[in-house]
Amino acid sequence: RIQGAVNLPLENIAGEAMNRFDMEEEIVVYCKNEGCSASSKAAAKLESIGFQNVRDYEGGLKAWKEAGNKVES
């Protein structure tokens with residue numbers, strides 16, 4: 001995963017996010033690659049419950065690694 005990221009399952013993302021983050025806090029969601037649709041679904045869900053600063057990193061973990069950024073196991 002991206003260094004410092006928090007893993008929240010899509011099926012529980014609304015409740016988990018409400019417990020962990022402020023509604024104005026920047027939240028970036030991502031999948032393993034650009035072919036995965038879970039991150040766009042997560043972003044839409046978070047926005048639908050009132051999170052105001054949600055971004056979908058469409059390239060996902062694959063693009064993050066290819067850019068030379070750090071990951072955690």
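A crossing of two helices is right-handed if the near helix is turned clockwise from the far one by less than a right angle. In this predicted model, helix α1 passes helix α2 in such a right-handed crossing.

Two packed helices are described by the angle between their axes and the distance between the axes. Here α1 spans residues 13-20 and α2 spans residues 38-48. Their axes come within 10 Å. They cross at roughly 60 degrees. That angle makes α1 oblique to α2. On the α1 side, the contact is made by I13, A14 and A17. On the α2 side, A42, K45 and L46 take part. The residues of this contact divide into 5 nonpolar and 1 charged, with no polar residue.

The model also contains pockets, and the largest pocket holds about 660 Å³ of space. A total of 27 residues line this pocket. Closest to its centre are A5, V6, V28, V29 and Y30. Several elements give two or more residues to the lining. Both helices of the crossing, α1 and α2, are among them. The others are β1, at residues 27-30, and α3, at residues 60-66. By residue class, the lining of the largest pocket divides into 20 nonpolar, 4 polar and 3 charged.

Notes: Residues are numbered from 1 along each chain as its sequence is written. This is a predicted model: local features need pLDDT of at least 70, side-chain atom pairs count only at pLDDT 80 or more; totals for chains, interfaces and linings use all residues. Side-chain values use heavy atoms; hydrogens and water are left out. Axes are lines fitted to C-alpha atoms, for helices over the stretch in contact, and angles run from 0 to 180 degrees between N-to-C directions. Helices (H or I, at least four residues) and strands (E, at least two) are DSSP runs, numbered from the N terminus. Angles under 35 degrees count as roughly parallel, over 145 as roughly antiparallel, 65 to 115 as roughly perpendicular and the rest as oblique. Contact means heavy atoms within 4.5 Å. Ala, Val, Leu, Ile, Met, Phe, Trp, Tyr, Cys and Pro count as nonpolar, Asp, Glu, Lys and Arg as charged, and the others, Gly among them, as polar. On a 1 Å grid over the protein atoms alone, a cavity is a set of points where a 1.4 Å probe fits but cannot get out, and a pocket is an open set with protein on both sides within 12 Å along at least five of seven lines; lining residues have an atom within 4 Å of a point. Grid points are joined across faces, edges and corners, and a volume is the space filled by probe spheres set on the points.
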